[in-house]
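Reader: I would like a close look at one part of this model, followed by an account of how the rest of the chain is arranged.

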Amino acid sequence: MQYNNRNIVLSELIGLKVKLVKCSDKKQEGLEGIVSDETKNTLIINTKTGIKRIIKKTAVFKFYAGNKSFTVKGIEISFRPHERIEKAMKYYKKREV
């Protein structure tokens, strides 16, 4: 998959490296790891200190794909993975390439 700043909100996130840029829980900011699973409302991240469950809507994420990084607001991906293509289209259209 070729990720870009626009299609990242429609794409599969499992397996991508991620960092929490902002979070309502300030202790979790800066957390880094690999996305191992996701639900409608959460991302499950494998970190050096264990598995962490992060609420999507209250966070801003930076995803890394290859040598590129993409910043995504949690609200843009706050859908079930199989529903994301249909429901996240409004965010896809607003994002710059």
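Reader: Does Leu31 count as buried or exposed, and at what relative accessibility?

Author: Leu31 counts as buried, because its relative accessibility is 18%, where buried means under 20% relative accessible area, exposed means over 50% and partly exposed lies in between, with a 1.4 Å probe and protein chains only. This is a predicted model, in which local features need pLDDT of at least 70 and side-chain atom pairs count only at pLDDT 80 or more, while totals for chains, interfaces and linings use all residues. Residues are numbered from 1 along each chain as its sequence is written, and side-chain values use heavy atoms, with hydrogens and water left out.

Leu31 is placed in the loop between strand 1 and strand 2 (32–38), helices (H or I, at least four residues) and strands (E, at least two) being DSSP runs numbered from the N terminus. Setting aside residues up to four places away in sequence, Leu31 touches Val18, Lys19, Leu20, Thr47, Lys52 and Ile54, a contact being heavy atoms within 4.5 Å. Leu31 and Lys48, which are 17 residues apart in sequence, have their C-alpha atoms 9.4 Å apart in space.

Turning to the whole chain, the protein chain has two helices and six strands, and from the N terminus on these elements run β-β-β-β-β-β-α-α. The C-alpha trace spans about 35 × 25 × 20 Å along its principal axes. Of the 97 residues in the protein chain, 40% are buried. Among contacts between residues at least 6 apart in sequence, 42% join residues at least 24 apart.

Ile8, leaving aside its neighbours within four places in sequence, is in contact with Tyr3, Leu13, Leu16, Phe63, Phe70, Val72 and Arg95.

The aromatic rings deserve a separate paragraph. Rings of Phe, Tyr and Trp (its six-membered ring) pair if their centres lie within 6.5 Å, and planes under 30 degrees apart count as stacked, over 60 as edge-to-face and the rest as tilted. By this rule there are two aromatic pairs. The ring centres of Phe61 and Phe63 are 5.8 Å apart and their planes stand at 35°, so this pair is tilted. Phe61 is counted as buried because its relative accessibility is 0%, and Phe63, at 0% relative accessibility, also counts as buried. In the pair of Phe79 and Tyr91 the centres are 6.4 Å apart and the planes are at 45°, so that pair is tilted. This pair links distant parts of the chain, with Phe79 in the loop between strand 6 (68–73) and helix 1 (84–87) and Tyr91 in helix 2 (residues 89–94), twelve residues apart. Both Phe79 and Tyr91 are buried.

Charges also sit over rings, which requires NZ of Lys or CZ of Arg within 6 Å of the ring centre and within 35 degrees of the ring normal. Arg6 lies over the face of Tyr92, at 4.7 Å from the ring centre, and Lys17 lies over the face of Tyr64, at 5.4 Å from the ring centre.
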